Amino acid sequence: MKNVLFYARYSTDRQHEVSIETQIELCEAFAKQKGWNVIATYSDSAVSGMSFLSRPGIQRLLAHVKREDIDVVLCVTVDRLSRDVEHSAKILKDLNYHNTEIWTVHASQAITKLELHFRATLSDELVDQIRFRTREGMKTAVRRGKASTCLAYGYKLSQQRDANGDRIKGLRDIDPVKAEIVRRIYTMYADGISPRDIADILNKEGIIGPRGRAWRDTAIRGSKTVGTGILNNPSYIGRIVWNKRQYRKNPDTERRTARMNGADQWVWTDVPTMRIVTDELWERVRARDAVIGDLYQNATTNRLNATHRPEYLLSGMLECEECGGPYAISGKDRYSCTNRKKRLPIDELDGACCGNSKTITRHELEERVLNCLPVAFYSLDIFDRISEKMVAHETSRLKSTPSRREQLTTELSAIKSKQAGLMQQIQDRQAEGRPRLVILDDQLDELEVTREKLVRELAGAAEEPVEDFQVKIAKLKAQFNPANTELAIRELIFLARNNANEQAKRRLMPIVRDLIQTVVIGKTPGHQPAALQVHGDIANIMASMDVIDIMQQQFVASAQNDLMARIASGEIDTEAKKEKLLEAYAEELLRKSPEWENLQVSVVAGAGFEPAAFRL
């Protein structure tokens, strides 16, 4: 009596497990007819016959053959074992080595080597033909204005029917509620709000994202190259694109890998009925992409780091004077040259390693850089510039922040859309003669409870007074005028310098990074502090000032910092004490002025800066 193993497989999740059961029944009847001893049954469900390593059933079957004497591997047809020529040959080679035959119910006999290879070749060719016909069908559908991919956010399946009453596949209708969210995402991004912040706003408002999940920044930004993500989908301007990518299966991993096709192979079709976003808004988003792309391209280290939020005040801005490499945190809040730490050979040093062993603590570095800011702030328009940027930022937030009534209206529309979708599912099932599902009724009941709650809240929500937008802008300008901005920034600098307040440093970060482009760190003899050279707009400001002005403003800034520290500690608690201290400052300023007249400031020129830098 022969020992037999069964193997069954079906290809896709569109088929059913009954397919496996049918194959096993046929094999059992055949084995009983032959009087064979069935040892075990192995199967793979919803797995392609073109794969091998990713099929656990066939792997377990081959492992069983190796550990036990098996005479026959039985399947309904030979293509159940494999549709790939290479894999079929390997399976046959492994089974022949263990003296195991392959039998099929269809042939009612053992499969020869020639027949196995012949049938595997035919199956492989059949798969290629199916793939070709499928792609050609998709190309034709796209040219007729039908979508060939999954349902994108902002659309719903069209319910248009053909002459037979069947739904026409590939047609899309705009979902009004989701379309408004798409337009809002585009507007917020074009106004300067990052994808991460947009996702956070939508999640806080309880707006459901694609596939019923929470919003993520990746779903919004996607990939510009591939055209994925809300911000890159050309469907929103009424254009369907197909065949941007082709997929190849890696023979080692059996995973599909995507490759971009040439632009001449892309298939474009205009479908005006799918337009959600105007051309003007689309171009604004592309312009913002270009700005961020320039930042990405101009990064000196890992390019992606340029688009990330910096962790510390000067992260990504530090450079070694000797090798030009980055300075980064290498110990407990201490910066050092990355190239020296890694012992990397430097081309500019003729293959030698960097010799700059000077390290500096983050606190010392940030304090020395912050000390030069108050002087730069006496430039003619520095507070005007900062004030304008703050007003622009607040204006952007004002434009994108909805009222409570708007939020409730959006949520109510989303609930109604879900209800309509569930009702459509119930109607479709009823039309097809399928039984009604209790779970759909329960979901409808839950949505109705939520809808009634929102309706009551919306009815009770007071109508917010309509205020002219220009009036709001005027209030913002009054709030963030240069004088108020100066007071706020000086307080932040005081907290950042004297108290090493990390929150204050984070709030100062945009200002610092606007004024400073690079800080070059050089070595000094012995235990002397590291030499610092600051590049950027702040160098232009310092260079445009007379020497005596710089020294005077440094003194004034230091005096103001000292005054704030004394007030904070309680030492100066009366107006009389304050006036007395100010008089002492004035006297000291008069004594130092003659000394400053003989000083010179050295402004060094470096590549790419006008002027390049000044030393701290």
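The model on the screen is predicted.

**Stop 1: two cysteines**

How many disulfides does the structure hold? The structure holds 0 disulfides. As background, a disulfide is a covalent bond between the sulfur atoms of two cysteines. Cys-27 takes part in no such bond, and its nearest cysteine sulfur, which belongs to Cys-75, is 6.8 Å away.

Now display the surface around the two residues. Is Cys-27 buried or exposed? Cys-27 has a relative accessibility of 1%, so it counts as buried. Cys-75 is likewise buried, because its relative accessible area is 0%.

**Stop 2: two residues with a positive phi**

Next, select Asn-99. The residue is located in the loop that runs between helix H3 (85–97) and strand E4 (101–104). Its phi is positive, at about 55 degrees, although Asn-99 is not a glycine. For context, most residues other than glycine have a negative phi. Asn-99 counts as exposed because its relative accessibility is 66%.

Move on to Arg-211, in the loop between helix H6 (195–204) and helix H7 (217–221). What is the phi of Arg-211? The angle is positive here too, at about 60 degrees, and Arg-211 is not a glycine. With a relative accessible area of 73%, Arg-211 is therefore classed as exposed.

**Stop 3: salt bridges**

A search of the whole structure finds 19 salt bridges. Several of them deserve a separate selection.

Select Lys-2 together with Glu-101. Their side chains meet in a salt bridge, with an N to O distance of 3.7 Å. This pair links distant parts of the chain, since Lys-2 belongs to the segment before strand E1 (3–9) and Glu-101 to strand E4, 99 residues apart. Lys-2 is partly exposed because its relative accessible area is 31%. Glu-101, at 35% relative accessibility, also counts as partly exposed.

Then select Glu-322 and Lys-523, whose side chains form a salt bridge of 3.4 Å, N to O. Where do the two partners lie? Glu-322 is in the loop between strand E12 (318–320) and strand E13 (327–329), whereas Lys-523 is in the loop between strand E16 (518–522) and strand E17 (531–535). The two are 201 residues apart, and the pair links distant parts of the chain. The relative accessible area of Glu-322 is 31%, so this residue is partly exposed.

For a further example, select Arg-275 and Asp-279. The salt bridge between their side chains has an N to O distance of 3.1 Å. Asp-279 is partly exposed, with a relative accessible area of 44%, and Arg-275 counts as partly exposed at 33%.

To complete this stop, select Asp-79, Arg-80 and Arg-83. These residues are linked in a network of salt bridges.

**Stop 4: two pairs of C-alpha atoms**

Select Ala-120, which is found in helix H4 (residues 113–143). Ala-120 counts as buried because its relative accessibility is 3%.

Now select Val-455, which is part of helix H14 (residues 438–460). With a relative accessible area of 34%, Val-455 is partly exposed. How many residues along the chain separate Val-455 from Leu-412? They are 43 residues apart, and their C-alpha atoms are separated by 7.5 Å.

**Stop 5: a charged surface patch**

Finally, select Glu-575, Glu-579, Glu-583 and Glu-587. What is the charge of the surface patch that they form? The patch formed by these four glutamates is negative. Glu-587 is found in helix H20, which covers residues 575–596.

Key:
Residues numbered from 1 in each chain as written. Predicted model: local features only at pLDDT ≥ 70, side-chain atom pairs only at ≥ 80, totals over all residues. Heavy atoms only, no water. Patch = residues over 30% accessible without salt bridge, like charges linked within 9 Å, V, L, I, M, F, W, Y side chains within 5 Å. Areas by Shrake-Rupley, 256 points an atom, 1.4 Å probe, with all protein chains shown as cover. Lys, Arg positive; Asp, Glu negative; His and termini not counted. Charge placed at Lys NZ, Arg CZ, Asp CG, Glu CD. Helix = DSSP H or I, 4+ residues; strand = E, 2+ residues; numbered from the N terminus. Disulfide = S-S within 2.5 Å. Buried < 20%, exposed > 50% of the residue type's maximum accessible area, 1.4 Å probe, protein only.
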